[in-house]
Amino acid sequence: MKKTALCLSAALFALSMASVPAWAAGDAESGKKLAEQKCTTCHAFGKVIAKAGKIGPSLEAGIVGKPAGKTAGFAYSPGMTKMSGEGLTWTEENLDKFLTKPKDFIQGTKMMAFQGLPKDTERADVIAFLKTLPTP
Ligand code: HEC
């Protein structure tokens, strides 16, 4: 009897976990490591990750919750400029979609050389890391 109750609560727990969107539960530390490996060829993260390229817009001022395509001095693709003009904001949900496969989310994006992060957990971790920016 006790065992059944335990099994039931375990099943309920698993169910409740499954209904939480993947991007809600990331680990910022592993996200930082992932960003170091996968994003720094093109993006700067300020003091948080010292060495970074400049092929992409700087993300050091933070990006989560901000309007897309607004880093001064960066020449965005026409696709990104269009979506920015239409009011695209980098909510966690939109970041999750974009990072899954950038070129599917923004037609002709300049970030197309980046294949994307197909794993839910990796995207959740990277987004959790992006939420820690900027760090004073
Ligand atoms: C091959 C270079 C490259 C890699 C690798 C790359 N990006 Fe990008 N990223 C870009 C470019 C270029 C743009 C501008 C896209 C455009 O104009 O269409 C961009 C745009 C973005 C934007 C939108 C910024 C804005 O100002 O609206 C975000 C967010 C972003 N990248 C996050 C990431 C993350 C997180 C990673 C790592 C998981 C990553 N990128 C990996 C080149 C890259």
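The space taken by the ligand is the largest pocket. The structure is a predicted model, and the protein in it has six helices and zero strands. Of the protein's 136 residues, 34% count as buried.

**The ligand and its shell**

- The ligand, whose space is the largest pocket, is surrounded by 27 residues, and the closest of these are Cys39, Cys42, His43, Tyr76 and Met111.
- Helix 4, which covers residues 92–100, supplies the largest share of the shell around the ligand, and that share amounts to three residues.

- At Gly69, a polar backbone atom lies 2.7 Å from an oxygen atom of the ligand.
- At Thr109, the side chain takes part, with an N or O atom that is 2.7 Å from an oxygen atom of the ligand.
- At Lys110, the residue's backbone takes part, and one of its N or O atoms is 3.0 Å from an oxygen atom of the ligand.

**The order of the helices**

- When the protein is read along its sequence, the pattern is α-α-α-α-α-α, in keeping with the count of six helices and zero strands.
- Between helix 2 (28–38) and helix 3 (78–85) runs a loop that holds His43, and Ala68 also has its place in the loop between helix 2 and helix 3.

**Salt bridges**

- Side chains of opposite charge can pair when their charged atoms come close.
- Lys82 and Glu86 form a salt bridge through their side chains, with an N to O distance of 3.4 Å. Lys82 counts as exposed because its relative accessibility is 55%, and Glu86 likewise counts as exposed, at 57% relative accessibility.
- Glu92 and Lys131 also meet through their side chains in a salt bridge, at 3.0 Å from N to O. Glu92 lies in helix 4 whereas Lys131 lies in the segment after helix 6 (120–130), so this pair ties together parts that are 39 residues apart in sequence. Glu92 is buried, with a relative accessible area of 17%, while Lys131, at 48% relative accessibility, counts as partly exposed.
- Asp120 and Arg123 are joined by a salt bridge between their side chains, with 2.7 Å from N to O. Because they stand three residues apart in helix 6, Asp120 and Arg123 are separated by about one helical turn. Asp120 is partly exposed, with a relative accessible area of 41%, whereas Arg123 is buried, with a relative accessible area of 5%. Through salt bridges that share partners, Asp96, Asp120 and Arg123 are joined into one network.

**Single residues to look at**

- His43, one of the residues closest to the ligand, counts as buried at 10% relative accessibility. The side chain of His43 also reaches the backbone oxygen of Pro57, at a distance of 2.7 Å.
- Ala68 counts as buried because its relative accessibility is 0%. The C-alpha atoms of Ala68 and Met83 are separated by 7.8 Å, and these two residues are 15 residues apart along the chain.
- Ala128 is found in helix 6 and counts as buried, with a relative accessibility of 15%. In sequence, Ala128 and Asp27 are 101 residues apart, and in space their C-alpha atoms are 5.9 Å apart.

Methods
Residues are numbered from 1 along each chain as its sequence is written. This is a predicted model: local features need pLDDT of at least 70, side-chain atom pairs count only at pLDDT 80 or more; totals for chains, interfaces and linings use all residues. Side-chain values use heavy atoms; hydrogens and water are left out. A residue is near a molecule or strand if one of its heavy atoms lies within 4 Å of it. A polar contact is a pair of N or O atoms within 3.5 Å; within protein, one must be able to donate a hydrogen and the other to accept it, and residues adjacent in sequence count only if both atoms are side-chain atoms. On a 1 Å grid over the protein atoms alone, a cavity is a set of points where a 1.4 Å probe fits but cannot get out, and a pocket is an open set with protein on both sides within 12 Å along at least five of seven lines; lining residues have an atom within 4 Å of a point. A molecule sits in a cavity or pocket if more than half of its atoms lie within 2 Å of its grid points. Helices (H or I, at least four residues) and strands (E, at least two) are DSSP runs, numbered from the N terminus. A salt bridge is a side-chain nitrogen of Lys or Arg within 4 Å of a carboxyl oxygen of Asp or Glu. Buried means under 20% relative accessible area, exposed over 50%, partly exposed in between (1.4 Å probe, protein chains only).
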